[in-house]
Amino acid sequence: METKHNCTQCPLRRCYDRNPRSLIGRFWHWHLSFCPGWKAYFLSLSDEEKEQLRRQYKFGKY
């Protein structure tokens with residue numbers, strides 16, 4: 001059974017994409033380091049997609 005993640009539709013992520021320096025955008029980026037949903041979503045991606053998100057969001061934890 002494949003799990004569906006809502007991270008692609010997350011309203012906080014959209015706020016970050018529109019304005020990374022906004023309070024909500026900064027909160028979303030901060031919470032990535034411990035969000036279990038983001039971890040599951042991120043680890044379910046292909047290596048190419050992971051690398052793209054690492055560059056886009058300056059994310060290097062997983």
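1. Leaving aside residues up to four places away in sequence, Gly25 touches Cys15, Tyr16, Asn19 and Pro20, where a contact means heavy atoms within 4.5 Å. Gly25 sits in helix α2. Its relative accessible area is 0%, so Gly25 is buried; buried means under 20% relative accessible area, exposed over 50%, and partly exposed in between, with a 1.4 Å probe and protein chains only.

2. On the basis of the note: this is a predicted model, in which local features need pLDDT of at least 70 and side-chain atom pairs count only at pLDDT 80 or more, while totals for chains, interfaces and linings use all residues. Residues are numbered from 1 along each chain as its sequence is written, and side-chain values use heavy atoms, with hydrogens and water left out.

3. The protein has four helices and zero strands, in the order α-α-α-α from the N terminus. Helices are DSSP runs of H or I with at least four residues, strands are runs of E with at least two, and both are numbered from the N terminus.

4. The radius of gyration of the protein is 11 Å, which agrees with the value near 11 Å for a compact globule of 62 residues. That radius is taken over C-alpha atoms, and the globule rule is 2.2 Å times the number of residues to the power 0.38. Along the principal axes, the C-alpha atoms fill a box of roughly 35 × 20 × 20 Å.

5. Of the 62 residues, 32% are buried. Among contacts between residues at least 6 apart in sequence, 44% join residues at least 24 apart. The accessible surface is about 4,700 Å², and 55% of this belongs to carbon and sulfur atoms; the areas come from the Shrake-Rupley method with a 1.4 Å probe, and for residues only the protein chains shown count as cover.

6. The aromatic pairs number 11. Rings of Phe, Tyr and Trp (its six-membered ring) pair if their centres lie within 6.5 Å; planes under 30 degrees apart count as stacked, over 60 as edge-to-face and the rest as tilted. Trp28 and Trp38 make an edge-to-face pair, at 5.6 Å centre to centre and 85° between the planes. Trp28 belongs to helix α2 (residues 23-31) and Trp38 to helix α3 (residues 36-43), so this pair ties together parts that are 10 residues apart in sequence. Trp28 and Trp38 are buried.

7. Trp38 also pairs with Tyr41, in a tilted arrangement with 5.4 Å centre to centre and 55° between the planes. Trp38 and Tyr41 are three residues apart in helix α3, so about one helical turn separates them. Tyr41 is buried, as is Trp38. One aromatic cluster is formed by Tyr16, Trp28, Trp38, Tyr41, Phe42, Tyr57 and Phe59.

8. Lys58 deserves a check of its backbone. Most residues other than glycine have a negative phi. Lys58 is not a glycine, yet has a positive phi of about 50°. Lys58 lies in the segment after α4 (47-57) and is exposed, with a relative accessible area of 70%. Gly25 and Lys58 are 33 residues apart in sequence, and their C-alpha atoms are 13 Å apart in space.

9. Asn6 lies in the segment before α1 (11-18). With 57% relative accessibility, Asn6 counts as exposed.
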